Amino acid sequence: MSSTTITQPVWSSRWLFFIAATAGTVGLGNIWKFPFVMAENGGSAFVLLYLLCIAVMGGPMMLCEVVIGHIGKGNPVLSIQRTAQRSQASSRWSLIGYLGLASGLAIFVLLSVVAGWAISYLLEMFQGNFVDIGRTAATATFEQIKTDQQSLFIYQSGFIGIAAAILVFGINKGLARGLLYLVPMSVIILSVLMYYSVNSGYFMQAVQYLFTYEPEKITISSFLLAFEHAFYTLSIGVGSLMVFGAYMPNRGAVGAIVFSVALIDILVSALLGLVTIPTLFFSQMLPVSGYDLLFVALPTAYGDMQNGQYLGVMFFTFVMFTALSSALVLLEPSIAWCKERFAMERWNATVLVAFIAWLISLASMQGWHIISDISNLGLTLFEMLNILTAKVLLPAAGLLLAIYVGWVLKPELVKNEIVNSGIGWLYLWYFLIRFIVPSLFLVVLILNQLET
């Protein structure tokens, strides 16, 4: 296979792996979903449930991907093929890698569409167009922006072009260096927004709303939300952690780094809640989630505040930095696969993958109804990709990955990767991956069917 002749790049520092993994976990879901879900499902009681899901599923699954990549030293498909060969198993398990590549590329496309909207909002906010706008007008503005094909074409193309321009320089001079700029700048902006939030007069009210311990609100739906958020926000199933594991130097254990990344994800989610909720309370608005929060409620709230225009610019700059960081992480696995599978130069693989993603993203514009017009599903391509990744590709990749690592991969291959953390942790991890994680996936699948 020609892919075996490719020289595998290596992180210049283990710290870069930590930064990249963190950038992959902190995404838009932390902004528009977790704080609202936490508050509506028991506050700090939900946080404890979420921590449990991370401990028994999220962290072990992250470690699965990193370990496979570190052993296989290749893209997700190649790493699974190599580990399967060393375990005398079928190479068809590489299907997990292909599912990851498809998921990562699809989520990147969705992200590029949302990034196009966010760039529009950044410019609108900069021009002061949301000052005293009101919720009704803000809703109309969002609908107008989603159908402004000319502007979105420019913004989405620019977003994808910037991501490709960074990644073309490789993992250390491109991916790592880009994240080393984006992540600290995001932290600085978040700190400034937090300062204004603390002094807004509604900070303690937000703390009470978010963190009041209300275990009576915990339901089966709460468990499903905690499980799904722990799975989706930690970049499990998209192949990026496998690639980052492949780039790891051949020394030391990775378990502590993986679980540290998971804990940072929780911390950032809480901080974002403490930034957004006081802003809504200032404008006497009820907390909401999703696109309604990001593109209607928050712009309206910033429009009501003194200096809100500048705070809004900072907030949407933070959104853009977060989106770009996630984009770099999501696109890297497909670039690595293309580069190794076809023995291509890095810049050729980057341009090819980015071009394909760009074409799909243009067809996914909310203003474009190409797919809905030629199908009987009544769904746009954007909606179809969203459903496909969340309901099919990612859950299938996660379940198959747990089965593969727990029951197919030879234990001796994994032992050297984790044993430095202690033999007890190795046995606990194996128990979780073999029995608990697959069982949880099946339980969640059944409960989801009952919920519908």
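Predicted model: local features only at pLDDT ≥ 70, side-chain atom pairs only at ≥ 80, totals over all residues.
**Helix α16.** I started with the length of α16, residues 346-363. At 1.5 Å a residue, its 18 residues should span 26 Å, and I find the end C-alpha atoms 26 Å apart, so the two agree. Next I looked up which of its residues are buried: Arg346, Ala349, Thr350, Val353, Ala354, Ala357, Ser361, Leu362 and Ala363. Then I asked what covers these buried residues of α16. The cover includes α6 (95-126), α8 (149-167), α9 (170-198), α15 (308-341) and α18 (381-408).

**α4 against α18.** I noted the crossing as left-handed. On the α4 side, the contact uses Met61, Cys64, Glu65 and Ile68. On the α18 side I have Gly398, Leu401, Ala402, Tyr404 and Val405. Sorted by class, the contact has 7 nonpolar, 1 polar and 1 charged residues.

**Threonine 219.** Last, I went to the loop between α10 (203-211) and α11 (220-233), where threonine 219 is found. Is threonine 219 buried, exposed or partly exposed? Its relative accessibility is 41%, so I put threonine 219 down as partly exposed, given that this class lies between 20% and 50%. I also looked up threonine 219 against glycine 42: they are 177 residues apart in sequence and 9.3 Å apart in space, C-alpha to C-alpha.

Definitions and conventions. Residues numbered from 1 in each chain as written. Heavy atoms only, no water. Helix = DSSP H or I, 4+ residues; strand = E, 2+ residues; numbered from the N terminus. Expected span 1.5 Å × (residues − 1). Buried < 20%, exposed > 50% of the residue type's maximum accessible area, 1.4 Å probe, protein only. Contact = heavy atoms within 4.5 Å. Left-handed = near helix turned anticlockwise from the far one by under 90°. Nonpolar A, V, L, I, M, F, W, Y, C, P; charged D, E, K, R; others polar.
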